Amino acid sequence: MTALDPGPRQEILGDHALFPGMVLPREREELLRAQQAERSAQDPVQRIRPRSPRPLTRESVAARVDVSPTLEVTERVQSIWDQGVRESRELADSLAALAPSWRGRDTGGCTAEDAQCEDLLVAAALRCSDTVAYRRIRDGHRGVDLCPRIFARLRAGEFPAAWFRELLRRTLGLTDEEMTLVDATVSAWDPGITSEHFSRCLGTVVATLLERRELPPRIDVEARRRVEFEHGGDDGTACLRIVGPVPELLQLARRLDDAARTLQAAQRHALEAGVEVPLDPQGRAAEQGRPLSLSELRYHLLTMADLDTDGVGLSAASFRMNVTVPLLSLMGHSDAPGMLDGRIPIPAEMARELAAGEDAWHRLLTDPVSGEFLPAPAERYAVPQAMREHLRVRMTTCSVPGCRRPASCATEADHIEEYDHEDPLHGGRTAVDNLHLLCWKHHALKTARRIDPVRVDASHSPTGRTGTLWSIDEEMRIFQEDDTDLATPAIVKDLKDSWARIQALRDQRDAALRDHAERTRDESPPERPPQGAPPGAPPPPF
């Protein structure tokens with residue numbers, strides 16, 4: 001308690017009532033009364049004020065690395081200190097540049113459509129997704145507007161950038177009023193404390209504020225029950241993350257563990273008796289002659305479990321889960337990775353295993369010459385399922401630049417040029433070239449005419465390729481090329497041009513070889529028969 005709250009300790013040591021007969025100077029007594037009044041007026045959270053035993057400066061920081069630092073050690077540590085100061089100032093500049101894009105979202109300063117357009121503008125400038133852009137804007141607002149005193153220390157290079165990022169992350173669930181108190185408290189902290197001390201005291205501040213609420217988070221956990229999917233790196237793995245109240249998840253973990261241990265024992269008995277092994281979908285337990293590990297059994301229990309929807313019927317999926325495999329990889333002649341759902345790379349061996357386990361394969365029909373979608377374009381407003389599948393494989397995410405919501409769910413086929421119900425053959429046709437997939441949010445934004453796509457052919461394109469020019473809120477225009485991973489007209493033209501160049505190079509090579517052979521034949525002297533040989537005798541065989 002003393003380390004976190006030095007105020008009471010100072011009050012005890014300085015209270016003359018503990019020392020009978022002791023009289024303090026008048027100035028000291030008045031100072032103590034003023035300090036006591038100030039502490040009484042302070043919020044208890046502000047009394048959490050960690051201090052360092054001695055000040056930490058650029059000149060003294062080397063002593064924390066080495067008791068007797070040499071000149072070389074001192075220069076290195078001071079150079080790293082200077083880098084930390086620059087990092088703090090750069091973070092402050094970045095937050096200050098993004099803070100105005102918040103535009104008073106929480107106070108009615110802008111509409112939801114205004115905010116979405118602003119997110120797209122920032123995403124285009126930072127070359128990131130609109131979700132990441134929103135988080136960066138939110139951090140800028142919270143850092144600059146809600147924590148002005150801490151931000152001033154960050155901009156001066158006094159507050160470490162790592163501390164500021166941790167503060168933004170751990171206070172994300174606090175209200176604006178609570179953030180004001182955090183700003184007043186943390187801005188007064190001694191910068192010489194260790195990072196562990198900072199993290200511990202910050203946790204105390206946040207926990208204290210949360211416990212003051214009418215319904216603390218440990219009771220009000222409805223908003224914290226969630227399941228999140230995160231695909232891993234490029235090794236074909238992913239993560240399913242469950243967040244919720246500790247008692248519920250602990251109970252789930254114990255049920256899962258009990259089931260796995262029961263199955264492991266059943267597998268052991270089955271192997272000893274020579275009968276079929278339960279829950280061995282890949283036959284590994286039977287092959288190895290020993291039961292599966294508890295970790296693997298837990299995985300099988302979760303992935304093979306039936307989901308109880310309490311009698312509610314599930315709607316049919318809009319799209320099937322696609323695995324796109326290069327033909328040479330499928331035949332085993334290449335190790336080029338496949339793509340799961342058009343956006344998650346998986347190893348070639350995994351793609352081959354998935355393909356081998358399917359009863360039916362689906363192909364995308366395109367014209368081998370033009371690359372156009374082979375089934376005839378619909379002359380009606382509704383988009384046929386085959387055309388939707390073709391669009392989804394070409395467009396794995398929402399078509400709006402910066403949006404990465406997967407096209408496999410929550411997307412709608414939209415006409416780029418509005419469909420002409422009066423005359424479907426003229427403008428706005430239901431054809432692949434005039435269709436794209438939009439998530440519900442950006443579909444509504446397009447309907448409100450806040451974003452406007454226009455198709456651009458190759459002759460008028462800034463890159464020489466066909467694409468879409470997006471106008472965002474009439475403030476920014478972004479050109480996005482068509483995806484040419486499939487046999488689209490653009491890729492077919494590239495292949496034909498490449499083949500023509502290869503043919504021309506081969507013809508040039510053949511002509512050069514013929515010329516060389518003719519020159520060699522003309523310049524070489526005629527063969528003479530050896531002297532002494534009779535006229536007309538053949539030359540010797542050497």
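1. Let's start with the sheet made of E8, E9 and E10. In this predicted model, three strands form an open sheet in the order E8-E9-E10, and their pairing is antiparallel. Its edges are strand E8 (451–456) and E10, each of which pairs on one side only. Ignoring direction, neighbouring strands here are turned by 20° against each other on average.

2. Looking at one pair in that sheet, E9 and E10 run antiparallel and are joined by six bridges. Within this pairing, Ile 472 stands opposite Met 476 in E10. Is Glu 474 buried or exposed? With a relative accessible area of 78%, Glu 474 is exposed, because the cut-off for that class is over 50%.

3. Arg 103 sits in the loop between helix H4 (71–98) and helix H5 (112–126). Its relative accessibility is 34%, so Arg 103 counts as partly exposed, since that class lies between 20% and 50%.

4. Now to helix H8, residues 161–170. Which of its residues are buried? They are Ala 161, Trp 163, Phe 164, Glu 166, Leu 167 and Leu 168.

5. If you are thinking about pockets, the largest pocket holds about 1,400 Å³ of space. It is lined by 33 residues, and the closest to its centre are Ala 238, Leu 240, Tyr 299, Leu 302 and Thr 303. By class, the lining divides into 22 nonpolar, seven polar and four charged residues.

6. Where does the lining of the largest pocket come from? At least two residues each are supplied by strand E1 (226–231), strand E2 (238–243), helix H11 (246–273), helix H13 (294–303), strand E5 (344–346) and helix H15 (348–356). H13 gives the most to this lining, with eight residues.

How values were computed. Residues are numbered from 1 along each chain as its sequence is written. This is a predicted model: local features need pLDDT of at least 70, side-chain atom pairs count only at pLDDT 80 or more; totals for chains, interfaces and linings use all residues. Side-chain values use heavy atoms; hydrogens and water are left out. Helices (H or I, at least four residues) and strands (E, at least two) are DSSP runs, numbered from the N terminus. Buried means under 20% relative accessible area, exposed over 50%, partly exposed in between (1.4 Å probe, protein chains only). Two strands pair if DSSP finds at least two bridges between them. Axes are lines fitted to C-alpha atoms, for helices over the stretch in contact, and angles run from 0 to 180 degrees between N-to-C directions. On a 1 Å grid over the protein atoms alone, a cavity is a set of points where a 1.4 Å probe fits but cannot get out, and a pocket is an open set with protein on both sides within 12 Å along at least five of seven lines; lining residues have an atom within 4 Å of a point. Grid points are joined across faces, edges and corners, and a volume is the space filled by probe spheres set on the points. Ala, Val, Leu, Ile, Met, Phe, Trp, Tyr, Cys and Pro count as nonpolar, Asp, Glu, Lys and Arg as charged, and the others, Gly among them, as polar.
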